[in-house]
Amino acid sequence: MYILIAGGGKVGTNLMRSLLAAGHEVTLIEQRPYRFEKLEAEFEHQVMRGDATELFVLERAGIKRPPDLLVAATGDDEDNIIIGQLARDRYGVERVIARINDPRNQPYFDLLGISPTVSATGAILALIEHEVPEHGMIHLLELRKENLEIVEVTIDEQANAKGKRCGTLKLPEGARVISVVRNGTAIVPDDETQLQPGDQVLAMLQPGKEDELRRALLHD
């Protein structure tokens, strides 16, 4: 697989090493002279110096082939948006992954249809949420194109859903319980599955309906 990476910071460099070790063909674009020299010493001709927001730089790197995947991993969200747009809309790259440095910029990526995105801050916050869950609900995955998300809810002794069968739960419209983890074992629930304290319930729902789900499963 041919992969083009824009941005030779720590993220791009470590990604480059891992992809090369896995046997992929990779080209890395880096603009900063001092950083480029270090990368060239390690990766030689697989690194190209230039600004990946400029068309001639992308074309020299081989974007017209086009690559199977482009990763916009610079430290500037505006650049990552431009690179992602150019790759997808001008050169027909089907798979684009963009790094988000400031989570507050996520709506701009969503507005322009640049997906999937990766945010280190968001990933760390998700881990913190998993270790110290607030109100018993953890956000596991966002499916932005489908306008859905998957959350995990732990049923406790005071939960509204304790002892209830899945078929009787008053879930938000469109929400579904997709898995129940009990004593370390995941089961696919049906309408007769009765929820017990300690169950970890995985549910799929539309963003914005978390409070409705929390009331249905946990506490009013």
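Leaving aside its neighbours within four places in sequence, with which residues is S179 in contact? The points below take up this residue and its surroundings.

1. Basis of the note. This is a predicted model, in which local features need pLDDT of at least 70 and side-chain atom pairs count only at pLDDT 80 or more, while totals for chains, interfaces and linings use all residues. Residues are numbered from 1 along each chain as its sequence is written, and side-chain values use heavy atoms, with hydrogens and water left out.

2. Residue S179. Strand β9 holds S179; strands (E, at least two residues) and helices (H or I, at least four residues) are DSSP runs, numbered from the N terminus. The relative accessible area of S179 is 13%, so S179 is buried (buried means under 20% relative accessible area, exposed over 50%, partly exposed in between, with a 1.4 Å probe and protein chains only). Beyond its neighbours within four places in sequence, S179 is in contact with A186, I187, P189, Q200, V201 and L202, where contact means heavy atoms within 4.5 Å.

3. The sheet that includes β9. Five strands form an open sheet in the order β7-β8-β11-β9-β10, with antiparallel pairing; two strands pair if DSSP finds at least two bridges between them. Strands β7 (137-143) and β10 (185-187) stand at the edges with a single partner strand each, so one side of each has no neighbour in the sheet. From one strand to the next the twist averages 20° (axes are lines fitted to C-alpha atoms, and angles run from 0 to 180 degrees between N-to-C directions). Strand β9 (residues 176-182) is joined to β10 by three bridges, and the two run antiparallel. Opposite R182 stands T185 in β10.

4. Helix α7. In helix α7 (residues 210-217) the buried residues are E210, L213, R214, A216 and L217. These residues lie on the same side of α7 because they cover an arc of only 165° around the axis, the arc being that of the directions from the helix axis to the C-beta atoms. Their cover includes β7, β8 (148-154) and β11 (200-205).

5. Strands β4 and β5. Strand β4 (residues 69-72) is joined to β5 by three bridges, and these strands run parallel. V71 stands opposite I97 in β5. In β5 (residues 96-100), V96, A98 and I100 make up the covered face, whereas I97 and R99 make up the uncovered one.

6. A charge over a ring. The charged end of R65 sits over the ring of Y2, 4.0 Å from its centre; the criterion is NZ of Lys or CZ of Arg within 6 Å of the ring centre and within 35 degrees of the ring normal.
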